[in-house]
Amino acid sequence: MDRVQRLRDVSDTDVAAWHEVVAASVAHDFPGEPAPTLDQVHGRLTTPGVGSRHLMWVATTDDTVTGVARLRLFEGQGRRHLGEFTLHIHPEHRRRGAGTRLLRTVARAARDENRRSLVVEASAQASGAAFLEANGFTCALSLSLLLLNVPEARGVEDLVRTEHPGYHLTRWLGVVPGDLAEAFAAAKSAMGDMPTGKMDYGTTTWDIDRVRDMAEVVEKRGDTLLTVAALHDDTIAGFTELVIPVGDGTRAIQYDTAVVSAHRGKGLGLWVKAAMLEWLRAEWPAVLEIETDNAEDNTHMLAVNERLGFRPLRQTRQYQCDPTMIH
């Protein structure tokens, strides 16, 4: 019997079944790419992202989990119109209707929550893109997924030691120190002008509570958050964040990097990212790769990453749709 069931209290059995579907999906669509570990799946299912809550479903056939979907519902002012979801179908059970059933369930929940935009990311090379387009989604933003071999990163020490008069570097692990919290929240708001194509992302307001909450969510999931910042007097002029996921720990994930508009054009983005690499090599030598993505029209950050040695991995796309169009 085929059905879609909502997950409420996530058990170890649920985590294992979810992990099996995602791992099989990643292995099929992206051979050689690391799948999330059990610990990572547990963290995502039990700890929603900052400023949001989530709903989760599994598709089953004769009590076997064949597909999974998670809908993130943003709660902050300026983003209450938005729902973001992920959907995976086990390769052995594709093209049998599980994906359609899950997508309709997600869309119905988004309508019930009065969301006008559903967004999802899919690889340009995988079957998910065609599935989304067939169900009314349109590509609103094209991204380049990049990968850096950390030991092979170029010229890190020289870049870190390049002088930037009036600026100095600082760094912290986890939650931002109290004396920098207000300045960091202001710097996070500098991301508001990054390229987002036609995506209906809305606006995010960063304050002291939000930057602390974000770091605490990362910690609760078992991940490690590193931040390097460039200071100018009592202002954070630029920063970069990196997360080392719980589990295998060989591939880190780039989070936000931004330079405040008044301080751009001085090489601060390259400086803080090089300093992050130096820190990573010294204290987390098990991390061999860093994964990041950039909007294809974000030429400045693409150039920064290329300078450090990031190479293209694949193209991804951000899709969006009005959930009232999915039935």
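This is a predicted model: local features need pLDDT of at least 70, side-chain atom pairs count only at pLDDT 80 or more; totals for chains, interfaces and linings use all residues.
**Helix packing and nonpolar cores**

Me: How is H6 oriented relative to H7?
Reply: The axes of H6 and H7 come within 8 Å and cross at roughly 85°. An angle of 65 to 115 degrees falls in a single class, so H6 relative to H7 is roughly perpendicular.

Me: How many charged residues does the contact of H6 with H7 have?
Reply: From H6, the contact draws on Ala181, Glu182, Phe184, Ala185 and Lys188, and from H7 on Ile208, Val211, Arg212 and Met214. By class, six of these residues are nonpolar and none is polar. The number of charged residues is three.

Me: At what angle do H1 and H2 pack, and how are they oriented to each other?
Reply: Helix H1 covers residues 12–29 and helix H2 covers residues 38–46, with their axes 9 Å apart. The crossing of these two helices is right-handed. Their packing angle is about 115°, and H1 and H2 are therefore roughly perpendicular.

Me: Which residues of H2 meet H1?
Reply: On the H1 side, the residues involved are Val15, Ala16, Trp18 and His19. The contact has six nonpolar, two polar and no charged residues. The partners in H2 are Leu38, Val41, His42 and Leu45.

Me: How are H8 and H9 oriented to each other?
Reply: The axes of helix H8 (residues 268–283) and helix H9 (residues 299–308) come within 10 Å and cross at roughly 40°. H8 passes H9 in a right-handed crossing. The contact is formed by Gly269, Leu270, Lys273, Ala274 and Leu277 of H8 with Met301, Val304, Asn305, Arg307 and Leu308 of H9. Angles under 35 degrees would count as roughly parallel, so H8 and H9 are instead oblique.

Me: Which element gives the most residues to the largest nonpolar core?
Reply: This core has 32 residues, and those with the most contacts inside it are Leu268, Leu277, Leu280, Ile290 and Leu308. Elements giving two or more residues include strand S6 (138–149), helix H5 (156–161), strand S8 (224–232) and H9. With 10 residues, the largest contribution comes from H8.

Me: Which residues does Leu277 touch beyond four places in sequence?
Reply: Leu277 is one of the residues with the most contacts inside the largest core, and it is also part of the contact of H8 with H9. Beyond four places in sequence, Leu277 touches Leu148, Val150, Ala153, Val156, Ile290 and Leu308.

Me: Is Leu288 buried, partly exposed or exposed?
Reply: Leu288 is found in the loop between H8 and strand S11 (289–295). Beyond four places in sequence, Leu288 is in contact with Leu148, Asn149, Val150, Pro151 and Thr250. Its relative accessible area is 41%. As buried means under 20% and exposed over 50%, Leu288 is partly exposed.

Key: Residues are numbered from 1 along each chain as its sequence is written. Side-chain values use heavy atoms; hydrogens and water are left out. Axes are lines fitted to C-alpha atoms, for helices over the stretch in contact, and angles run from 0 to 180 degrees between N-to-C directions. Helices (H or I, at least four residues) and strands (E, at least two) are DSSP runs, numbered from the N terminus. Angles under 35 degrees count as roughly parallel, over 145 as roughly antiparallel, 65 to 115 as roughly perpendicular and the rest as oblique. A crossing is left-handed if the near helix is turned anticlockwise from the far one by less than a right angle, and right-handed if clockwise. Contact means heavy atoms within 4.5 Å. A nonpolar core is a set of buried Ala, Val, Leu, Ile, Met, Phe, Trp, Tyr and Cys residues joined through side-chain atoms within 4.5 Å. Buried means under 20% relative accessible area, exposed over 50%, partly exposed in between (1.4 Å probe, protein chains only). Ala, Val, Leu, Ile, Met, Phe, Trp, Tyr, Cys and Pro count as nonpolar, Asp, Glu, Lys and Arg as charged, and the others, Gly among them, as polar.
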